[in-house]
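Dear colleague,

Please find the structure below, handed over for your records.

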Amino acid sequence: MKKIKLTKLIASSLIVTSVLALNPIAASAEWKQNNTGWWYTDESSFATGWKMLDGNWYYFDSDGYMEHDTVVDGCQLGSNGVWIQEVVIEMVGDEKITKDDLNKEMSRYDAQLKKQYGSDYATNNNIKDQITKIKQQQLDKLVTEKILLKKATELNIKPSDDVINKQINDTISQYKSQYSGEGMFESALKQNGTTEDELRDLIKKSIITKAVEENMLKDIAVKDEEVQKYYNENKDTIFTIGAGANVAHILVADEVTAKSLKAKLDAGSDFSTLAKENSLDPGTKNNGGNLGFVQYNSTDLVPEFVDGFKDLKEGEISAPVKSQYGYHLIKATELKSAEIISFDKVKDKIKAALLEQKQDSTFNSKIDEWKTTLNVKIYDDKF
């Protein structure tokens, strides 16, 4: 079944699982820690004074240790050592989203972004557009989170403190159980740019925003006639398996070899054995040349190959078929006519997909509505 396109930004995903997976620090990481604190080194020297790392400013004292929770040169340093810059990039009602908020959100993806784009991703002009897109996605999440948290209070939709605290403690316990060594959990948190208190706050926000989302979507349903209508409209496309056959082939370099093998096959030699012994196709030779079921209208294989087997009878082997890869001997078995998948086999999947599509539309429409009522303002020049 073709997948119905879904674009909903679900509130429960506002905490990214890759962040909460808490990847441990690699041995080659440039951040290091001891009982005194954190420092930054390139293996030959350590940083002192102001230094920008991955888009954030840090201050290191004369011994190289990172300062935090203090003011240096008139600049407030947060608990993670980052200079808190009050540059407002978006307003949600009377609440601000600052550039530092966005930088902190991005810092949680630092290890992932380095792995994907390289250690210089923040200054790599070749991926500037990709990084901007990621930043916009994270900013959208921050805005949606603030909207949902405001609505949780306004609509009085919030689990009790006891329920929230239990879920937080259970989740933290699960994460800690993944790290048996002393200090590993704390190091993993640092690697992901967060603290245990911040992680608890992230989980709390996720619990509350999920409650608002569930309330928003609780009355969304799909009627049986909607499912039937979708099936009827797509029966001849999405829910039809085209005619085809199970196909196996032997690929050789020249026509002489192909004809010689064809003569052996006509004399009764086993197709699978000859494929294993002679085929030049490394992807299929060890399983007797089997390609599995292939539809007669397939575009995944070169046209000459498809034309070479679509008229074969059950168990018949083709004459040598030339393609850009060489010469093929093709065997067709288990021929099947076009088959329409019955409604009963797919109705549950259709219903689930249509429900998700409705929820997607309802969620996004409601968020857009609340953006207007809360007077959300975007300062593009500050982004």
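An open sheet of 4 strands has the order 11-10-13-12, and its pairing is antiparallel. Strands (E, at least two residues) and helices (H or I, at least four) are DSSP runs numbered from the N terminus, and two strands pair if DSSP finds at least two bridges between them. Strand 11 (290-295) and strand 12 (321-323) stand at the edges with a single partner strand each, so one side of each has no neighbour in the sheet.

The model is predicted: local features need pLDDT of at least 70 and side-chain atom pairs pLDDT 80 or more, whereas totals for chains, interfaces and linings use all residues. Residues are numbered from 1 along each chain as its sequence is written, and side-chain values use heavy atoms, leaving out hydrogens and water.

Strand 10 (residues 244-252) and strand 13 (residues 326-336) run antiparallel and are joined by 8 bridges; Ala248 has Lys331 of strand 13 as its bridge partner.

Helix 7 (residues 196-217) packs against helix 12 (residues 343-373) at an angle of about 110°, their axes being 10 Å apart. Axes are lines fitted to C-alpha atoms, for helices over the stretch in contact (heavy atoms within 4.5 Å), and angles run from 0 to 180 degrees between N-to-C directions. Helix 7 and helix 12 are therefore roughly perpendicular (65 to 115 degrees; under 35 counts as roughly parallel, over 145 as roughly antiparallel and the rest as oblique). Val212, Glu213, Met216 and Leu217 of helix 7 meet Gln359, Thr362, Phe363, Lys366 and Trp370 of helix 12 in this contact.

Yours sincerely
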